[in-house]
Structures are given as structure tokens and as C-alpha cells.
Amino acid sequence: MEHHSGGSGTNKNKQMVEQLQRYGVISSKKVVEVMETIDRALFVPDGTPAYVDSPMAIGYNATISAPHMHATCIQLLEENLQPGMHALDVGSGTGYLTACFATMVGPQGRAIGVEHIPELVASSIKNIEKSAAASLLKGGSLSVHAGDGREGWPEHAPYDAIHVGAAAPEIPQPLIDQLKPGGRMVIPVGKIFQDLQVVDKNLDGSVSIRNKTAVRYVPLTSRDAQLKGY
């Protein structure tokens with residue numbers, strides 16, 4: 001099955017973004033721009049309906065979030081994804097959001113994806129290579145690594161923006177440590193019932209946390225536990 005980067009696919013991707021605007025999920029021009037640039041169809045498994053507003057299974061007991069969740073997270077982090085800034089995407093999965101972040105921070109910035117399933121790392125790199133973020137991958141401002149995202153990625157810390165794509169029972173301390181003063185992290189927190197939390201690190205290093213919305217994510221766990229399905 002072939003992915004279409006032009007023609008009907010791109011139009012459907014644009015329609016998906018326009019629908020999210022109509023529903024009031026996206027109010028930012030910048031978020032519209034990046035979601036129109038990075039075609040979601042290149043990041044979902046072949047044969048799955050790319051533009052439907054629901055999460056999709058991507059294998060290994062992992063999912064790609066629904067477009068409205070991606071839009072919400074990008075919008076919450078928008079101020080911390082300015083050109084030249086550093087962004088970390090924990091549990092980067094298919095690479096979709098990492099590609100969006102890289103597009104926003106640009107070639108002078110840095111976007112890092114960390115994913116503990118090596119097969120997903122490999123396929124996400126292939127996905128990115130087909131996308132509008134390919135040149136950023138080639139240029140080195142965008143990279144995806146196999147690792148335990150709960151430990152962050154110290155090499156390019158501190159980060160202006162951190163996104164976590166799986167629910168943690170509590171916020172991992174290394175991620176708070178790797179957040180730059182003035183930086184923001186968006187992370188789902190909880191076990192059965194979860195809240196999408198917005199964590200702002202103030203300039204004095206203190207942290208303020210607010211709940212944004214109730215969500216349902218797969219757990220942020222070890223590779224072994226994830227593959228066993230608990």
C-alpha cells in the first residue's frame with residue numbers, strides 16, 4: 001500500500017485540520033500551519049483511516065493519539081516551540097508529534113523523540129523521512145532514540161517543551177529536572193483515571209501544575225511491561 005504525499009491525501013489532512021478548527025480545538029494559526037505541513041497519513045499504519053479523530057493502535061500495545069489530542073498538546077506547548085528552542089517527545093511512537101515539534105523549532109532548534117520499542121523507533125524514522133520534516137532529520141535538528149523516556153534525554157537538556165505521550169502514575173523527576181526554567185511540560189498523569197497536566201517551571205525553578213482535561217492514555221511503563229500488555 002502506498003502513501004500519498006500529494007493530491008487527495010493532503011486535501012484530507014487539511015480537511016481534518018479545518019474540522020478541528022471548527023470544533024474549537026485549534027485556535028492558533030501556527031498549530032494549523034504545522035498540522036497541515038505534517039501529513040498524519042504518513043504516520044499511521046497502512047490501511048488505517050488516517051484522518052479520523054480517534055486514536056489508532058500502532059502495535060506493541062502502543063497507540064497514536066487522536067488528532068484532537070495532538071492539536072491540544074501542540075497548542076499548549078506553542079510558546080515553548082519557538083524557532084531555536086529544544087523539545088523532547090517522550091514515548092514518540094510513530095514520530096508524528098516529534099516531526100511537528102521539529103517543524104516548529106526549525107533547523108536551529110532541537111527536537112528529540114525517545115521511544116523504548118526499537119521497532120517503533122526504526123519505523124518512525126522511516127515515517128519522518130517521507131514527511132515534510134525529512135530535511136530536519138537529515139540536518140540533525142530532529143532525532144529519535146531508543147530509550148526509557150521516563151529518564152528523559154539528558155544530552156540535549158534543558159528543554160523548553162516536553163511532551164509525554166503515555167500516562168505516568170506520577171511525574172518522573174528526571175523530566176522535571178530536564179525542564180528549562182520558563183519551560184513547559186504536558187503529561188497525562190494517573191492510573192485508571194488520568195488528567196492531562198500542564199507543568200510550568202518558573203524562572204526561580206519552582207513548578208506549577210494545573211489539570212487541563214481528563215484523558216485516557218496507555219501507561220508510561222517499562223518496555224517489558226508494555227510488551228506484556230500491563
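Predicted model: local features only at pLDDT ≥ 70, side-chain atom pairs only at ≥ 80, totals over all residues.

Visitor: What makes α4 a mostly covered helix?
Guide: Nine of the ten residues of α4 are buried, and a residue is called buried when its relative accessible area is under 20%. Among the buried residues are Tyr-96, Leu-97, Cys-100, Phe-101 and Met-104.

Visitor: What does α4 pack on?
Guide: Helix α4 (residues 96-105) packs on the sheet and touches β3, β4, β5 and β6. The direction of α4 makes about 170° with that of β4.

Visitor: In what order do the strands of that sheet stand, and what is the pairing called?
Guide: Seven strands form an open sheet in the order β5-β4-β3-β6-β7-β8-β9, with mixed pairing. Strands β5 (142-146) and β9 (207-215) each have a single partner strand, so one side of each has no neighbour in the sheet, and both stand at the edges. From one strand to the next, the twist averages 15°.

Visitor: Which strands run antiparallel to β8?
Guide: Strand β7 (residues 179-189) is joined to β8 by six bridges and runs antiparallel to it, and β9 is joined to β8 by eight bridges, again antiparallel. Arg-184 has Asp-200 in β8 as its bridge partner, while Val-198 stands opposite Arg-210 in β9.

Visitor: How do you know that the length of α5 agrees with that of a helix?
Guide: At 1.5 Å a residue, the 13 residues of α5 (residues 118-130) should span 18 Å, and the end C-alpha atoms are 19 Å apart, which agrees.

Visitor: Why are the buried residues of α5 said to lie on the same side?
Guide: The buried residues are Leu-120, Val-121, Ser-124, Asn-127 and Ile-128. They cover an arc of only 125° around the axis, and therefore lie on the same side of α5. Their packing partners are β1 (56-59), β2 (62-64), α4, β4, α6 (134-139) and β5.

Visitor: Which residues have the most contacts inside the largest nonpolar core?
Guide: Met-35 and Ile-74 have the most contacts inside this core of 52 residues. Its largest share, eight residues, comes from α4. Ile-74 touches residues including Val-31, Met-35, Leu-97, Cys-100, Phe-101 and Met-104. A second, separate core has 19 residues, including Ile-112, Val-114, Ile-162 and Ala-166.

Visitor: Why is Ser-141 called buried?
Guide: The relative accessibility of Ser-141 is 5%, and the limit for buried is under 20%, so Ser-141 counts as buried. Ser-141 has its place in the loop between α6 and β5, and the residues it touches include Gly-106, Pro-107 and Leu-136.

Visitor: Why are Tyr-60 and Asn-61 called partly exposed?
Guide: Partly exposed residues lie between the buried limit, under 20%, and the exposed limit, over 50%. Tyr-60 has a relative accessible area of 34% and is therefore partly exposed; Asn-61, at 44%, counts as partly exposed too. Tyr-60 is in the loop between β1 and β2, and Asn-61 has its place in that loop as well. Phi is positive in Tyr-60, near 60°, and in Asn-61, at about 55°, although neither is a glycine.

Visitor: What makes the peptide bond from Ala-157 to Pro-158 cis?
Guide: Its omega is near 0°. Pro-158 is in the loop between β5 and β6.

Definitions and conventions: Residues numbered from 1 in each chain as written. Heavy atoms only, no water. Pairing = 2+ DSSP bridges. Helix = DSSP H or I, 4+ residues; strand = E, 2+ residues; numbered from the N terminus. Axes fitted to C-alpha atoms, helices over the stretch in contact; angles between N-to-C directions. Contact = heavy atoms within 4.5 Å. Expected span 1.5 Å × (residues − 1). Buried < 20%, exposed > 50% of the residue type's maximum accessible area, 1.4 Å probe, protein only. Arc of directions from axis to C-beta. Core = buried A, V, L, I, M, F, W, Y, C linked by side-chain atoms within 4.5 Å. Lists of a residue's contacts leave out its neighbours within four places in sequence.
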